[in-house]
Amino acid sequence: MAANPTIVLLPAWGVGHFMPMIEAGKRMLQCSSSGALSLTVLLMPAPTAQAASDIAAHVRREEEEAGAVDIRFLRLPPVQLPTDHTGVEEWISRIVQLHVPHIGAAVSALACPVAALVLDIFFTPALDVSRHLAVPAYVYFTSGAAMLALLLRSPSLQDEVDGEFEGAVDVPGLPPVPPSFLPETLLDKRSPTYTWFLYTGRRYMEANGIIVNTAAELEPGILAAIAEGRCTIGVRAPTVYPIGPAISLRSPPAEQPHECVRWLDSQPRSSVLFLCFGSKGMLPPSQVHEIARGLERSGHRFLWVLRGLPVDTTTGARDPTDAKLAELLPEGFLEKTKGRGLVWPTRAPQKEVLAHAAVGGFVTHCGWNSILESLWFGVPMLPWPLAADQHLNAFVLVHGMGVAVPLEMDRERGNYVEAAELERAVRSLMGGREEGVKAREKAMEMMRACRNAVEQSGSSHASLQRLSEELVGGAVLPKRGSTTYTTSAQPDHVSPHV
């Protein structure tokens, strides 16, 4: 390996985390002096066959297209996955704990200086490696600044709120947030997963910096609140670097356009509502029927990516299957909507669809990558959050950015939306009503902001330059010696499992 300092990336195995982190790493290299930095990516074995296949395909593309980018991939040995967990935050954190010796061995074996160890959002146990080897550590935050503010705020919220959240929650930089828009993890304080959430927020304070996949223009009030210490009660948080949108716009080579794109080619401009619930998004049959009725009654054109329920429902798996449309959809639905609607039963090229001139709205699960892609192409949204950070993201879209028409749902019934409510929201967004017109105008405004931010004179480019200069200046050779790692204090009632 070259003697140039390297940025060590430790991404999660989900494509929604892996790909944005690789993209951000490549942009760090582009903003540094020519050839000043390289990338080393540590690959933890993915827990499912689908995730392993997705990551392997992406790594192959990166290796084939590396060109002038100095990037290499190192594979870590497998560990025994925990089974006695209460939620995904605990599950991920404990897997990373088990990998700490492997991460340390890989970093300490590098022959070049290390500019930084960059960790995924819930990989804070790996901060023990950076402390032990005396190398700088940064968190790469794959969600938006609002979720970061909530994570940083969560330890003090624990002290301020006795019992469950009943009234609106103060997240600096945002209007008061009703509990119904908080992540599920924060709603059950008795769960060990809740304690792991607080643990993550506390450990962020140990990082040298936090790299966020947002732009200063998208969430200015929230970023200001973090910088001013309002989320950490007067204690200065690590420097935040908003470097987004870090989304890869290149598509895998194809001999001809995807069938969904070809269908869109025949539709009028801005006339199609696109429905897609992410790589893990799936809905029960009763909800599928409600969507079908709502779309049919709305009278608007639609492209609906409908996935089937998973075969494997264990944590980390839950990969949707290809939908059997005849079994899932109401009888006669496809015939009644023929010509104005297309139901696609497997994966679809989301970026290519959102980029198409025929698409005028997006029903989204509010994953942050999907939000950034929608904003990049100026497409207003109907937010339908399902899990994780998505409810807070939905709140930001409506009450922070103003780029979405709200969609009322029953969270107690698994985020259930009635057909009449979907019909109302679709007509509002796609039918030229005032609420939809305002969301469309704001989406176009945010599109310009996103694109300007990553230009050479833009805010995200400037943030990347500051970060790259800091990384080059702070590069050090990892300490050699002991391979025994002292872990930071774990959540009180959860054993370290190391």
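**Reading a predicted model, term by term**

Helix 3 (residues 88–108) lies across strand 1 (6–10), strand 2 (38–43) and strand 4, and runs at about 155° to strand 2. This is a predicted model, where local features need pLDDT of at least 70, side-chain atom pairs count only at pLDDT 80 or more, and totals for chains, interfaces and linings use all residues. Residues are numbered from 1 along each chain as its sequence is written, and side-chain values use heavy atoms, leaving out hydrogens and water.

User: Why is Cys112 called buried?
Analyst: Buried means under 20% relative accessible area, exposed over 50%, and partly exposed in between (1.4 Å probe, protein chains only). Cys112 has 1%, so Cys112 is buried.

User: What makes Arg153 and Asp170 a salt bridge?
Analyst: The term asks for a side-chain nitrogen of Lys or Arg within 4 Å of a carboxyl oxygen of Asp or Glu. Here the N to O value is 3.6 Å, so the pair qualifies. Arg153 lies in helix 5 (residues 145–160) and Asp170 in the loop between helix 5 and helix 6 (192–203), so the pair ties together parts 17 residues apart in sequence.

Conventions:
Contact = heavy atoms within 4.5 Å. Axes fitted to C-alpha atoms, helices over the stretch in contact; angles between N-to-C directions. Helix = DSSP H or I, 4+ residues; strand = E, 2+ residues; numbered from the N terminus.
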